[in-house]
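Please look through the sequence and the structure shown below, and then read the report that follows, which goes from the whole chain to single residues.

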Amino acid sequence: MNNLRKMILAILVIISTWQVVAQEANAIFNTAKSLVLEQNYSEALSKYKDAFATEIGDSVQLAEAYGYAGICLEETGNVREALKHYKKALNYKVLELSIYDKAISLTKEMKNHEMHEWALMEKVKYFPEFKVDVEKALSSHYLKTKQYDKLLISSEKMGQWFPDSPKYKYYMGVAYQSQGDIDQAVEAYKLALDKDAEYTSANMRLGHILFEKGNKVYAKKKKAYEAIAKPTRVDYSNYHKSLEEAKVIYREAEGYLLKAYQVKQDPNLKKMLYAVYTRLGEKEKALKFK
């Protein structure tokens with residue numbers, strides 16, 4: 001009986017001590033949070049550091065504390081430490097949406113691609129109502145970081161949500177082209193241009209693909225002609241006729257390249273247009289791009 005009483009007393013002491021610690025933690029974290037809201041970041045950060053050193057607080061308190069400490073660090077210019085604190089807050093499954101957005105914004109600014117992607121994925125995990133906005137950000141991230149497998153999946157998903165947008169058809173084209181699937185890329189770029197005929201990037205990429213395709217046909221026909229030891233006039237005539245295949249492709253490329261050039265006077269576009277008109281035998285037009 002005495003042992004049971006001792007055990008009960010010990011448990012009551014532990015509970016009482018835990019309650020006191022919890023109250024102290026609440027008081028410290030609430031004071032620190034108030035200082036953050038007052039934009040007194042240095043003093044707030046000092047409070048948080050003291051709290052972290054004593055290892056007080058439960059996971060909910062620590063999640064918020066690390067998030068707000070991250071804000072203090074970012075506001076005072078210590079962005080690397082801010083990122084570390086945001087990461088801890090997200091690992092603790094912080095309940096404040098603004099902390100996720102802070103982490104996403106700062107990782108993007110600092111070009112911390114790995115953490116940026118992770119922060120976006122964490123946001124959608126706990127705030128699924130933002131899945132469209134997150135997927136949109138992920139699509140742009142995958143394009144920038146050249147993660148073409150992920151870009152293809154993400155842009156297909158975005159295309160289902162925004163069927164009238166040319167952007168995600170274009171993204172699919174970039175993904176296919178980067179994976180070496182040129183036919184699929186051409187189809188995707190044309191779908192993007194069906195939505196917006198003036199989409200500069202799609203016009204540029206599609207024009208470039210067709211230009212290179214024309215070059216290959218042209219080079220093949222030229223090589224076959226030059227392989228003839230003693231070409232006759234008939235051979236020469238047949239050679240020129242055979243170049244029509246390349247000219248048809250160049251003519252198709254011309255339209256896309258011109259539309260792109262009207263918006264973006266890129267030196268590479270200029271060179272391609274000069275080559276196109278030269279091969280088409282249109283010297284006056286070629287001179288405009290020399």
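## Burial and surface

In this predicted model, 37% of the 290 residues of the chain count as buried. The accessible surface of the chain comes to about 17,600 Å², and carbon and sulfur atoms account for 53% of that area.

## Overall form

The chain is built with 15 helices and 0 strands. Its radius of gyration is 32 Å, whereas the globule rule gives 19 Å for 290 residues, so the chain is more spread out than a compact globule. The C-alpha trace spans about 120 × 45 × 40 Å along the principal axes of the chain.

When contacts between residues at least 6 apart in sequence are considered, 51% of them join residues that are at least 24 apart.

## The largest nonpolar core

The largest nonpolar core holds 82 residues, and those with the most contacts inside it are V36, Y48, Y170 and Y189. Once its neighbours within four places in sequence are left aside, Y48 is in contact with F29, A32, K33, V36, A65, Y68 and A69, and V36 in that list is itself one of the residues with the most contacts inside the core.

## A buried lysine

K123 lies in helix α6, which covers residues 113-126. Is K123 buried or exposed? Its relative accessibility is 9%, and because buried means under 20%, K123 counts as buried.

The side chain of K123 makes a polar contact, at 2.7 Å, with the side chain of D101. D101 is also among the residues that K123 touches beyond four places in sequence, together with L97, Y100, I104, F130 and V134.

Note on methods: Residues are numbered from 1 along each chain as its sequence is written. This is a predicted model: local features need pLDDT of at least 70, side-chain atom pairs count only at pLDDT 80 or more; totals for chains, interfaces and linings use all residues. Side-chain values use heavy atoms; hydrogens and water are left out. A nonpolar core is a set of buried Ala, Val, Leu, Ile, Met, Phe, Trp, Tyr and Cys residues joined through side-chain atoms within 4.5 Å. Buried means under 20% relative accessible area, exposed over 50%, partly exposed in between (1.4 Å probe, protein chains only). Contact means heavy atoms within 4.5 Å. Helices (H or I, at least four residues) and strands (E, at least two) are DSSP runs, numbered from the N terminus. A polar contact is a pair of N or O atoms within 3.5 Å; within protein, one must be able to donate a hydrogen and the other to accept it, and residues adjacent in sequence count only if both atoms are side-chain atoms. The radius of gyration is taken over C-alpha atoms; the globule rule is 2.2 Å times the number of residues to the power 0.38. Accessible areas come from the Shrake-Rupley method with a 1.4 Å probe; for residues, only the protein chains shown count as cover.
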